[in-house]
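My notes follow the order in which I looked things up.

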Amino acid sequence: MEITSLAAHEIQALIRAGKISPKEVIHALARRIEEVDPVIHGYLSHDVERAIAEAETVDVNLPLGGVPVSIKDVINVKDHPCGCASKILEGYVAPYDATVIARLRAAGAIPFGRLNMDEFAMGSSTENSAFGPTRNPWDTTRIPGGSSGGSAAVVAADEAFAALGTDTGGSIRQPAALCGRVGLKPTYGRVSRYGLVAFASSLDQVGPITKDVRDAALLMNIIAGSDKFDSTTLDEPVPDYTAGLEKGVKSLKLGLPKEYFIEGLDPQVERSVRTAVAQLESLGAEVVELSLPHTEFALSTYYIIAPAEASANLARFDGVRYGFRSTGANVLLYHYVKTREEVFGPEVKRRIILGTYVLSSGYYDAYYLRAQKVRALIRQDFAKAFEKVDAIVCPTSPTPAFKLGERTSDPLSMYLADVFTLAANIAGICGISVPCGFVEREGKRLPVGLQVLGKELNESTLLQVGYAYEQATEWNKPKPQFD
Ligand code: GLN
């Protein structure tokens, strides 16, 4: 068996037992990348020599001692390029480690490579990368999801043991679902955003994409917790997420929201999800129907708030402070405009225009302020639901992976890919996607994801449900065949 097919906790056990050295692990990973990444294109770059140098000195007795963890290109890793898959950050090298990276290192992990993504995490297919799309390992004519498509694809293709992604409206859960792997979006404030390039600051969270639920718990143990460099982190103790994994679902009440089973949900995806819910029931969970009445407004609310925050956050890319600088302008203002005009991709420009529009005087009240009010209602829906249930179960994505190019000329249909994931970010709650089967398209098996949503700081319950389901079904075990 190829060792790269192992999960992070499995390879760590081998390293700890002295059966393989961290250096050999890096070599095996590099070989696998060489073999499959020309097709998948999940990595924007990786530095084998540096990883080997780090492997020489690593303490193998730490929780992730000697395990390379691959990183989305939106998180600063000291002395490595960090580009958000954008040309505007060309030449930018991170001057410091993000908190999540510092914590990974402290746990013995080796941050590895830069993973492809939609430019500045804006998108659902990784096609907005300035460096070309990533392909879905289950069918390489299809998208891997996004914006953390690189993270999900490399984990699914066994060219990473585990990865970090970010989720502003679904970008961890949706690609994890479409690539048949596990993705967890933590509660807002559970994980530090220090050193993460901001897209929409009130929605962004870093989280793991992994081969199994145990790895998601393990990574959460390491990256979660308050951080003096991010004042929005929650000052709450971090439980041992691996400790509660085996509790089962017998004592749990799960809610099935009727607004998530609507027109537009692929009938085969619906069948997989309903089967998964029935399986959870047979494992002992109680399932009740419930309503989240403001769900239909989540998409429009998100597409006001996220672009508004993005337009402010992206103002810093002016050709003076970071990366790419346009030449030839002799007036300062024109220099800014020229730099941004030349290298931002069309989706990033669309968001900036949308965002500045909804924030402009005259429109602020009608759009931005109103969206904030609806945000409060969506948050209330969940608060009420979690008075009655321990977690909510629903589909992660309305469809399986679609074809490359299928939605690129229609932004609205692209935005709909996240219709079931956005609300969690708007409300600040946590969510996980776990594989729950396959649908067949053109002779290929395409993964489906089951989403489990939990109330603030209740990641343990999500992991507990995900683990019980995974143990019973092993939908995370099949491996994609591709060439
Ligand atoms: N697809 C959504 C967007 O384009 C969410 C992206 C994300 O979570 N980063 O904004």
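I first looked up the domain assignment, whose bounds come from an automatic or database source. Domain 1 spans 3-257 + 386-408 + 419-472, and domain 2 spans 296-371. I worked on a predicted model, in which local features need pLDDT of at least 70, side-chain atom pairs count only at pLDDT 80 or more, and totals for chains, interfaces and linings use all residues. Residues are numbered from 1 along each chain as its sequence is written, and side-chain values use heavy atoms, with hydrogens and water left out.

**Domain interface**

I found the centres of domain 1 and domain 2, taken over C-alpha atoms, to be 27 Å apart. In contact (heavy atoms within 4.5 Å) are 23 residues of domain 1 and 23 residues of domain 2. I noted a buried area of about 2000 Å² between domain 1 and domain 2, with 72% from carbon and sulfur atoms; this is the accessible area (1.4 Å probe) that two parts lose on being put together, summed over both. On the domain 1 side, I88, M122 and F199 lose the most area to domain 2, together 31% of what that side buries.

I then checked polar pairing. Across the interface of domain 1 and domain 2, I recorded 7 residue pairs in polar contact, both residues at pLDDT 80 or more. A polar contact is a pair of N or O atoms within 3.5 Å; within protein, one must be able to donate a hydrogen and the other to accept it, and residues adjacent in sequence count only if both atoms are side-chain atoms.

**Ligand site**

I listed 15 residues around the ligand, of which G169, S171, Y302, R351 and D418 come nearest; a residue counts if one of its heavy atoms lies within 4 Å. Domain 1 and domain 2 both give residues to this shell, so the ligand lies between them.

I also read off backbone distances. A polar backbone atom of A121 is 2.8 Å from a nitrogen atom of the ligand, and one of G123 is 2.8 Å from an oxygen atom of the ligand.
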